[in-house]
Amino acid sequence: MRRELPGQGASRGSALGRARVRLPHVLEVAEERIDDVDAELERLHDAIRIVRAEMHGLRARLHGALAQEVGEFLDLHALLLDDPELLHGLDDLIRDGRYSADYALRLQRDRLAAVFEGMDDDYLRSRIDDIDQVINRIHAALHRDLGAGPDVAGVAGEILVTDNVAPAELAQLQGQGVMAIVTTAGNPLSHTAILARSLHLPLVVGATGALQKINDGDVLAVDGGDGRVVVEPGPADLREHRARLREQARERKELRRLRREPSRTLDGVDIKLWANAESRKDVAEAHALGAAGVGLYRTEFLFLGSRELPDEEEQFRTYRDVVLGMTGRTVTIRTLDVGADKADRTGLVLENEPNPAMGLRGVRLSLARPALFDSQLRAIARASGYGPVRLLVPMVAAREELLDVRARLDAVFADLRAQGQEVADRIPVGAMIEVPAAAIALPSFIDLLDFVSLGTNDLVQYLLAVDRNNDALATMYSPLHPAVLRLLYQVARTARARGKPASVCGEMAGDALFVPLLLALGIEELSMHPGTLLEVRRAIRGCDLGALRARLPSLMRARTRAGIEAWLGGGKVPPVRG
Ligand code: PEP
Ligand code: MG
């Protein structure tokens, strides 16, 4: 029977396919005893061999930055697969307990979960997720025809329905042929969502109840744009789905035509469109779409999947390749911004911080770890010998931090020059404006900056005191609040008065719906995921900047979200998405 579930669109694209339901971390296997111990052991060992081969094959298929990011997770899973404690434990359960391999997996999983759950260390406690993934893989392999090739896992052409998906899993699932993902938890601003957009994999998050209401094998029509999930679609839904696919194809064609067009308003003002990039693929796409340059290169992607800190050389090579990939267009490299929701695995981020979002993150962490920071500054400075580079500092709250950063940067440049290295004469330094204090006190340190970049993802969270990752507050987390608009306006005005460019690089900049609002507020540069750049360009080409600025007073008079939505042209504005 037809059912419809509401969710939030997190990565655009429509998909029609069968559901593959993955229940969260519980291996529902009933107790089962066997007679033939040797045959059962062989069955288990064959399954483990299949999983090893799958992971090996997957690693070989990953390239570029994604390989770095995902590779570390795969390495960890490979280590677990070879872990004697895990393997001997399984063998013992089969041999001594005469349990089936399936039930042995479940017992072993529950045993390890109990050990991990009792740990004090958050990081170690969260490793139970990795163990679950490995055990689930072995369990799936136990039920696969052993003659079948590795890595198909029966999901090709299916839509995965699950509680949540880790960023590292996404590429793998796409590699296995998953055509879309529906999760009950999650948020359009999470790193999983950012990565899904970069992979062009349709994703609906926050589809609460999906695990209860969708059965394995149900047919689903999913739309990652508006977040709609239809179970057992009827004739009208199928017609609509086909119409959406036709519309997407038509739109893609229309947008492709804009690749070589300027991002110019109807009254002739050029708006600079930069790209946010995380991988080589993003860089290539940004280049092909005519982005002005990379407006935000998030270097934490280099650190997040890894157990070891990337050294200066590794960082240098990565940054240099991005610079070379942009062939002379400017690349804005943001210094490390781990912490809060971006937990690393290297031990950099403090454990048990009472409130990590307000903890040692961004530039605070860099300044607390000078040797680490210097190695990053050196790598960035060396990359500047290969093309134009700007440096962007995250989570700035006060002038003192920028003075420290500038002093370190000057020392790094002097040192590299003394060593005979080729570096730029100088690199422009900018600050992310994402802490409200920085937005309000901008006049007190703007003289130290060459540009500013508004990080609306964090600015909205800190200004409204609404956690950007708290699903329960998802409807409150919106840039359409009078306080946000006032602050954006104020920052743009302060920057313009000093002749310093101000861009917006949060997800809001990539939503074409918000273009008129940002232009009215005085923003003339936007940085977004390349996947949305052409849509934003199209929106800009439909705007009359003079007319929008004339409507600014009425925007500033709006007192509610509904009032701001009405200014935007009426109707409900969906949550920010890419
Ligand atoms: C932001 O906060 O708006 C931003 C662009 O940075 P991130 O999403 O990486 O925190
Ligand atoms: Mg931020």
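This is a predicted model: local features need pLDDT of at least 70, side-chain atom pairs count only at pLDDT 80 or more; totals for chains, interfaces and linings use all residues.
Figure 1. The side chain of Arg 298 makes a polar contact with the side chain of Glu 278, at 2.9 Å. Leaving out residues up to four places away in sequence, Arg 298 touches Ile 194, Asn 276, Ala 277, Glu 278, Arg 334, Asn 457 and Glu 507. Two of these names, Asn 457 and Glu 507, come back in the next view.

Figure 2. Asn 457 sits in helix α18, which covers residues 456-464. Is Asn 457 buried or exposed? With a relative accessibility of 7%, Asn 457 counts as buried, because the cut-off for that label is under 20%. A polar atom of the Asn 457 side chain lies 2.8 Å from the backbone nitrogen of Glu 507.

Figure 3. Where do Glu 434 and Asp 458 lie? Glu 434 is in the loop between β13 (429-433) and α17 (436-440), while Asp 458 is in helix α18, so the pair ties together parts that are 24 residues apart in sequence. Both Glu 434 and Asp 458 are buried.

Figure 4. Searching the whole structure turns up 3 aromatic pairs. One of them joins Tyr 297 and Tyr 319 in an edge-to-face arrangement, with 6.3 Å from centre to centre and 80 degrees between the planes. This pair links distant parts of the chain: Tyr 297 belongs to strand β10 (residues 293-298) and Tyr 319 to helix α13 (residues 312-325), 22 residues apart. Tyr 297 counts as buried at 5% relative accessibility, and Tyr 319 is buried with a relative accessible area of 0%.

Figure 5. Phe 316 lies in helix α13, whereas Tyr 386 lies in the loop between α15 (370-383) and β12 (389-393), so the pair ties together parts that are 70 residues apart in sequence. Phe 316 is buried, with a relative accessible area of 6%, but Tyr 386 is partly exposed, at 44%. Over the ring of Phe 316 sits the charged end of Arg 382, 4.0 Å from the ring centre.

**Figure 6. Arg 390 over the ring of Phe 451.** This view shows another charge placed over a ring: the charged end of Arg 390 sits over Phe 451, 3.7 Å from the centre of its ring.

**Figure 7. Leu 526 and the largest nonpolar core.** In soluble globular proteins, nonpolar side chains tend to be buried together. Which residues of the largest nonpolar core touch the most other members? Of its 100 residues, they are Leu 391, Ile 433, Phe 445, Leu 517, Leu 526 and Leu 555. Setting aside residues up to four places away in sequence, Leu 526 touches Lys 272, Leu 273, Trp 274, Ser 503, Val 504, Ala 509, Leu 518, Val 536 and Ile 540. Apart from this core lies another, of 32 residues, including Val 29, Ile 34, Ile 128 and Val 134.

**Figure 8. Val 484 in helix α19.** Val 484 is found in helix α19, residues 482-497, and counts as buried at 0% relative accessibility. Beyond its neighbours within four places in sequence, Val 484 is in contact with Val 460, Leu 463, Leu 464, Ser 478 and Pro 479.

**Figure 9. Asp 92 in helix α3.** Asp 92 is found in helix α3 (residues 84-97). At 36% relative accessibility, Asp 92 counts as partly exposed. Its C-alpha atom is 9.7 Å from that of Leu 41, a residue 51 residues apart from Asp 92 along the chain.

Note on methods
Residues are numbered from 1 along each chain as its sequence is written. Chains are lettered from A and ligands numbered from 1 in the order in which they are written. Side-chain values use heavy atoms; hydrogens and water are left out. Helices (H or I, at least four residues) and strands (E, at least two) are DSSP runs, numbered from the N terminus. Buried means under 20% relative accessible area, exposed over 50%, partly exposed in between (1.4 Å probe, protein chains only). A polar contact is a pair of N or O atoms within 3.5 Å; within protein, one must be able to donate a hydrogen and the other to accept it, and residues adjacent in sequence count only if both atoms are side-chain atoms. Rings of Phe, Tyr and Trp (its six-membered ring) pair if their centres lie within 6.5 Å; planes under 30 degrees apart count as stacked, over 60 as edge-to-face and the rest as tilted. A charge sits over a ring if NZ of Lys or CZ of Arg is within 6 Å of the ring centre and within 35 degrees of the ring normal. A nonpolar core is a set of buried Ala, Val, Leu, Ile, Met, Phe, Trp, Tyr and Cys residues joined through side-chain atoms within 4.5 Å. Contact means heavy atoms within 4.5 Å.
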